[in-house]
Amino acid sequence: MENKKKQGVLLVNLGTPDAATPAAVRRFLSEFLHDKRVVSLTRWLWCPILHGVILPIRSPKVAKLYQSVWMDQGSPLLVYSQRQVAKLQDKLQMPVALGMTYGNPSLKSGIEALMAQGVEEIIVLPLYPQYSGTTTAAVSDGLTKAFKQLPVIPGYRFIRDYYSHPSYVKALAESVRKHWRENGQGDHLVCSFHGIPKRLADQGDIYPQHCEQTTELLAQELGLSADKITMTYQSRFGREEWLKPYTDETLEALPKQGIKKLDIMAPAFSVDCLETLEEISDQCKETFIEAGGEAFSYIKCLNDNDEHIQMMAELVEMHR
């Protein structure tokens, strides 16, 4: 009889500063923006710009934004991620740990926490439904780096994406329906995905195709026609062209098309974070209302919803 190895799950997300302070934000942004998966410029060109201009200027500004969304227990991304770990562990009755590509808890600490419980094989679930080299591949790089620091590495299975998984699409759709039941339905639904530089897609990153398919499947599940749903990209940074259409420019244009009541969601984010709670819920609302919109309603991320935890459990079971 086969001696089956003890398994555990490592949930992975991008990461967050340890505190809503300029110093903590600077440490986090430095680690994040040093990753060549995120910024591929040659280091001799990029590092002076990063340390001489970007970090000194952006860190205090970003810290203020974090302060506006910070929860009593900490960063929203960390708080919701920890709740996901607890619920998934309870559901699966197996060890589950959290690791972040940048910041704390690190990937290494998450791996070590599982191995301390006797886990010999880890199912790695990066909570990025749509694959991108800037996110999912960065997790793989981080795992390799962490393994180099361990005397014994565990076996592992890597879940690359789940952008079209039926339970993911149904969980998104149910979150929209629940929002509509409680708040009424707007004239239009915008699905705002985190953007990446267009250059990366031109080089072969499959992220935009995954975003498009998620949006199409969600529209089908909700019974929305093409004129009732729009896909956009947010959070662009720097001067180069990113994936279009841009979320902010779309929100400026929609009121002129007669769309006055808008619902907006962020399907690429597994938990609410700065980019959803501040950028979408606050900045995007301001953009839409100033352009002539009358009602703007943000639909929260899946966070630790039961349907989301059920989807994670199904993904893990598929890879056991």
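**View 1. Pro 105 in its loop.** Pro 105 sits in the loop between β2 (96–100) and α4 (107–115). Helices (H or I, at least four residues) and strands (E, at least two) are DSSP runs, numbered from the N terminus. Asn 104 and Pro 105 are joined by a cis peptide bond, with omega about -5°. The model is predicted: local features need pLDDT of at least 70, side-chain atom pairs count only at pLDDT 80 or more, and totals for chains, interfaces and linings use all residues. Residues are numbered from 1 along each chain as its sequence is written, and side-chain values use heavy atoms, leaving out hydrogens and water.

View 2. Pro 245 lies in the loop between β6 and α9.

**View 3. Gln 93 and its phi.** Gln 93 is not a glycine, yet its phi is positive, about 55°. The loop between α3 (76–92) and β2 holds Gln 93. Most residues other than glycine have a negative phi, and most peptide bonds are trans.

**View 4. The open sheet.** Four parallel strands are ordered β6-β5-β7-β8. β6 (229–234) and β8 (295–298) stand at the edges with a single partner strand each, so one side of each lacks a neighbour in the sheet. Strands pair if DSSP finds at least two bridges between them.

**View 5. β5 beside β6.** Six bridges join β5 (residues 188–194) to β6, and the two run parallel. Phe 193 has Tyr 233 in β6 as its bridge partner.
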